[in-house]
Amino acid sequence: MTWGQNDGFGPRRASCPQGWPHAVRDAVMARKQNIFTGIDIGTETVKTVIAAVADDGSIDMLGFAEVPSEKVVKGEAQSGRIVTEQTAMALDMACQNAGFDELPGTVAFVLSGGYVIPRIVRRTTAIPENQPITGEIVEKLMHDSYDDVPDDPEGDEVVLSMFTNRCFELEGKPFVFNPNGQYSPYLAVETRCLFAETYTGQLVGSIVKDATQNHNYETIYAPIAIASAVIRPQSNSEIHGMVIELGAGMTSIAMPTTYGYLVCEQLALGCDHIANDLDIGLDLQNIATARSIVR
């Protein structure tokens with residue numbers, strides 16, 4: 001997965017007059033824009049969005065829906081049937097708002113929750129003495145690093161996704177964005193892998209498959225999706241900032257750079273935890289009041 005530009009991101013239309021969604025759909029199809037459908041199953045709500053992306057990177061928000069997320073704890077489904085029903089409902093609403101009779105375009109599912117187990121696989125290659133690091137060496141190392149990701153992880157786990165950071169390590173230099181032309185006895189790169197227990201991974205996969213009626217889908221780790229939406233790359237800076245998104249059950253943290261992610265992780269801490277502490281600390285005896293205070 002790569003971090004790409006989202007110039008022009010943002011809703012552009014607030015109302016839907018009679019016949020409007022179909023007119024927008026027809027105009028989008030005439031311009032041959034790429035259509036994407038996004039799904040985010042959160043602890044508090046299930047969110048779906050349908051958008052059209054033009055060649056210049058601008059985005060038209062065609063349809064959006066948000067429904068209560070039932071039987072989800074820290075992003076993990078406690079009932080496959082109920083979560084599937086809620087997700088299908090949100091997708092149907094988004095399609096209706098966008099004027100589509102069925103799910104359009106490429107479907108992207110946001111991986112988020114306590115069930116995601118991140119790990120880092122590290123690969124190192126030796127550099128001959130007095131030879132500078134070249135682009136060919138870098139590309140080969142990155143390509144070979146995927147071979148280190150186990151097809152059959154230890155224990156009862158499955159691989160959900162993986163992505164390579166373009167942040168390298170040289171002798172005495174832990175974070176190097178562009179190692180080309182530098183000298184070092186070795187060059188190291190890290191591949192971030194996302195795992196889940198086999199049962200949980202299969203459950204999540206079946207939820208998305210059933211809710212989308214067996215539509216093929218891509219997966220995107222939540223910190224990457226969030227950072228890509230809110231940070232616009234700057235050509236004069238290698239580090240583009242840090243994004244922290246506090247959800248109901250999970251907090252996403254990402255630090256995107258020109259060459260990858262220096263930080264990309266989730267913590268099982270969210271607004272519900274804060275509300276619970278407020279409820280106890282202030283002796284409110286009403287979690288709804290505590291959630292209102294947090295908001």
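Author: Happy to! A salt bridge here is a side-chain nitrogen of Lys or Arg within 4 Å of a carboxyl oxygen of Asp or Glu. Side chains of opposite charge can pair when their charged atoms come close. This is a predicted model, in which local features need pLDDT of at least 70 and side-chain atom pairs count only at pLDDT 80 or more, while totals for chains, interfaces and linings use all residues. Residues are numbered from 1 along each chain as its sequence is written, and side-chain values use heavy atoms, leaving out hydrogens and water.

There are nine salt bridges in the structure. Let's begin with Asp144 and Arg123, whose closest N and O atoms are 3.9 Å apart. Helices (H or I, at least four residues) and strands (E, at least two) are DSSP runs, numbered from the N terminus. Asp144 is buried, with a relative accessible area of 14%, while Arg123 is partly exposed at 25%. Here buried means under 20% relative accessible area, exposed over 50%, and partly exposed in between (1.4 Å probe, protein chains only).

Arg123 also forms a salt bridge with Asp148, with 2.7 Å between the closest N and O atoms. That pair links distant parts of the chain, since Asp148 sits in the loop between α3 and β8 (157-170), 25 residues from Arg123 in β7. Asp148 is partly exposed, at 28% relative accessibility. Through shared partners, salt bridges join Arg123, Lys140, Asp144 and Asp148 into one network.

Another salt bridge stays within a single helix. Glu85 and Arg81 meet at 3.2 Å, N to O, and both lie in helix α2 (residues 80-98), four residues apart, about one turn of the helix. Glu85 is partly exposed at 43%, whereas Arg81 counts as exposed at 55%.

Helix α2 leads us to a sheet: it lies across β1, β2 and β3, at about 145° to β3. Helix α4 (residues 198-211) packs on the sheet too, touching β1, β6 and β11, and its direction makes about 130° with that of β11. Contact means heavy atoms within 4.5 Å; axes are lines fitted to C-alpha atoms, for helices over the stretch in contact, with angles from 0 to 180 degrees between N-to-C directions.

The sheet is open, with five strands in the order β3-β2-β1-β6-β11 and mixed pairing. Its edge strands are β3 (59-68) and β11, each pairing on one side only. Two strands pair if DSSP finds at least two bridges between them. Strands β1 (residues 34-41) and β2 (residues 45-53) run antiparallel and are joined by eight bridges, with Ile39 opposite Thr48 in β2.

Phe109 in strand β6 (residues 106-111) and Tyr217 in strand β11 (residues 217-221) are 108 residues apart.
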